[in-house]
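I opened the notebook to go through the loops, a helix, the domains and the cores in turn. The entries follow in the order of looking.

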Amino acid sequence: MTDMTVNAPAGSAPSARMPLTRRLRFGRSASGVGDAGWGRTIGATIVSLIYFFPVFWIILTAFKTYEDALAVPAKFFFTPTLENFAQVFSRAYSAGGPVQNTGFALYFFNSLFISGVSVLLALAIGTLAAFGFSRYPLKGNDTYLFMILTTRMLPAIVVIIPIFIMFRVTGLAGTYLGIIALYTVFNLPFAIWMMKSFFDELSPDVEDAARIDGSSDVRVFFKICLPQVLAGLAATAVFGLILTWNEFLFALLLSGVETRTVPVAMSQTIGGDIGVRWGLLAAIETLFLIPVIVVTFALQSQLLRGVTFGTIKR
Amino acid sequence: MSTIELRGVTKHFGGFTAVKNVNLAVSAGEVVCLLGPSGCGKTTTLRIIAGLERASAGDVVIAGKRMNDLRPDQRDIAMVFQFYALYPALTVRDNIMFPLHVEGLDAQTNAERVARVARMLQLEPVLDRLPNHISEGEKQRVAVARAVVRDPNCFLFDEPLSRLDVELRQTMRGQIKSVLTGLSKATVIVTHDQLEALTMADRIAIMRDGVIEQIASPHEVFARPTTLFVASFIGTPQMNLLTAQFDGVEGTHGRFTVDGQPIRLAVDPAVKRLAKGQVTIGIRPRAFIPEGAGSADTIAGRAELIEPMGAETLIHARTPLGSDLRVVVPREIKVKSGDALSLRTDARETHVFDGSGKAVRT
């Protein structure tokens, strides 16, 4: 089947006889247009461009001078400059003042480190917990699962005060440990529910077969179950990463100077004696987008299976 | 020694008893089929042997060792699942190799073993494919290959052929049989298909409602069913079961009243000991001998529907009082719908079951 996908001529007409599942797989063939046909492809392209326009505008602005960024009517054609990108990391805070390090290198590291570690932790703990909930149900299993879900039902703003006090008392405020732990807890309910749904779909016979073939529970988990839920891991990781990467409120209140993340630092860049520097903000934002795009792109083949999981019955 | 023994095995699921006091001994090299309708407890019995279910009572003894408390991975058995249960993320080669890790052999030996079973089951061309990319028949062979690659205590098969089409089923039946013959292990095959059981088994255990009704050779269960259920379950077309009044024995013949019609049928000598009363007479469709109309000691009927089956013809007939009869005759005998039939039977082919459904037989 895979061979056929590759060999299919670009733009070949869809086959009506082909079963649905196959057509879906072919939809992502190398040609891109494949089974969807030109009409739908053009339609999808237009919709995508509308959605992409704000991102495009941010990237464009990042290359504009202060004057170009504020020009009315908006400029699509201008002489690009890398000045904004340079200023992300070091600039003078007042006109004619000394050029200083802005600390953004650290903030980018913080964002990467905090998001990365908390997502990996949530994935590891969540996957194990999900496997437990799925395969070794406790008395009142559903109640526990519901309780886990309730932690995500309250808006962040409601719980921020108690959490702030907890962090104060325990001395976690401003530490990597504190913010990583918080984000991990944030991502866990989603990771558990998502991964549980993936584990629930696996055939129990396959695991029984592995046990009969002499595997311990640990080996069954790592060798048999885990490779079957890679799509789920990818989808969970991307969702968790986006959530954590963009998180602002908790980061604002609970991170210290040393552990500040990019969204917080970005908000503090707004203002200054010459007004909002849109070009500079756009440059930060552009750099900020890169890691999420890279990760999503790297995992995209798994992601499509992950997000459509359960909606298409095989 | 490769043997399996079940002693008084019982399994409850909540208030439901799936398996009731099952005793079964499978000797080395013997193939026993658990045969029965769905829900009769045959798969549960197999899973208890495998250790995937715990018996509520009784003992599971494999290779002379009591295994009740051992996990499946400690029992050293191989099992083929109904839905094959291939490992989706592993190639066919890795699937077959998977069970070998317990033996702790070097890579070279493992590869040789895989190559050997792959050759035996004609899987060489698909060794590097994933299970989702091979045909149903190939999946089935991979499942068998994975089971026989190792040298386990015994083999268990759960409905191994149920997902194959008729033609493939015939081929695989022969293939599995020949593979098993070469291995001389105790083997249990679960199936609901009597043809599969009759052709593959050395002995057949027929189960109903969690109870083994009869364990015997394929010939024996067909020729001498011990209960009404076995009689009705084994054989196609189904055995004719006629409710009758038993009126005593005259020499080698029993006197019965069927549908108000008195008849004499050649019967087993043990029928002498039977008290007069309600019985069931079982006659296989092929055991009837059509005679001239009005002959003595025959059952009268009228042909209603004729189904040519090639070598033979199946006649659906009805007695004067409305009991249905299935009669199979050689194709040379021409019968038309509406013809009157007079059917004689053979003593060896007439089964009498007492009021409790037990066969009356010497």
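**Loops with positive phi.** I started at Asp209(B), which sits in the loop between strand 9 (203–208) and strand 10 (211–216) of chain B. Strands here are DSSP runs of E with at least two residues, helices are runs of H or I with at least four, and both are numbered from the N terminus. Asp209(B) is not a glycine, yet its phi is positive, about 50 degrees. I counted 15 other C-beta atoms within 10 Å, so Asp209(B) is partly exposed. The cut-offs: 20 or more other C-beta atoms within 10 Å is buried, 12 or fewer is exposed, in between is partly exposed, with C-beta atoms placed from the backbone.

On the source: this is a predicted model, where local features need pLDDT of at least 70, side-chain atom pairs count only at pLDDT 80 or more, and totals for chains, interfaces and linings use all residues. Residues are numbered from 1 along each chain as its sequence is written, and chains are lettered from A and ligands numbered from 1 in the order in which they are written.

Next came Asp76(B), in the loop between strand 5 (65–66) and strand 6 of chain B. Its phi is near 55 degrees, again positive in a residue other than glycine. Asp76(B) counts as buried because it has 21 C-beta neighbours inside 10 Å.

**Cis bonds.** Most residues other than glycine have a negative phi, and most peptide bonds are trans. From Val72(A) to Pro73(A) the bond is cis, omega near -5 degrees. Pro73(A) is in the loop between helix 4 and helix 5 of chain A. From Thr236(B) to Pro237(B) the bond is cis, omega near -10 degrees. Pro237(B) is in the loop between helix 8 (228–233) and strand 11 (240–250) of chain B.

**Helix 3 of chain A.** Does the length agree or disagree with the residue count? The 26 residues (37–62) should span 38 Å at 1.5 Å a residue, and the end C-alpha atoms are 36 Å apart, which agrees. The expected span is 1.5 Å times one less than the number of residues. I noted a kink of about 45 degrees at Phe52(A), shortly before Pro54(A). The bend is the angle between axes fitted to the seven residues ending there and the seven starting there. The number buried is two of the 26, so the helix lies largely in the open.

**Domains of chain A.** Bounds come from an automatic or database domain assignment. The assignment gives domain 1 (2–101) and domain 2 (104–307).

**Chain B and its contact with chain A.** Chain B is divided into domain 1 (4–225) and domain 2 (240–353). Their C-alpha centres lie 40 Å apart. Between chains, 19 residues of chain B contact 16 of chain A. Strand 6 (77–80) supplies the largest share of the chain B side, three residues.

**Core.** Which residues touch the most other members of the largest nonpolar core? Among them are Cys33(B), Met79(B) and Val188(B), in a core of 129 residues. A nonpolar core joins buried Ala, Val, Leu, Ile, Met, Phe, Trp, Tyr and Cys through C-beta atoms within 7 Å. Beyond four places in sequence, Val188(B) contacts residues including Ile4(B), Leu46(B) and Leu156(B).

Note on methods
Contact = placed C-beta atoms within 7 Å.
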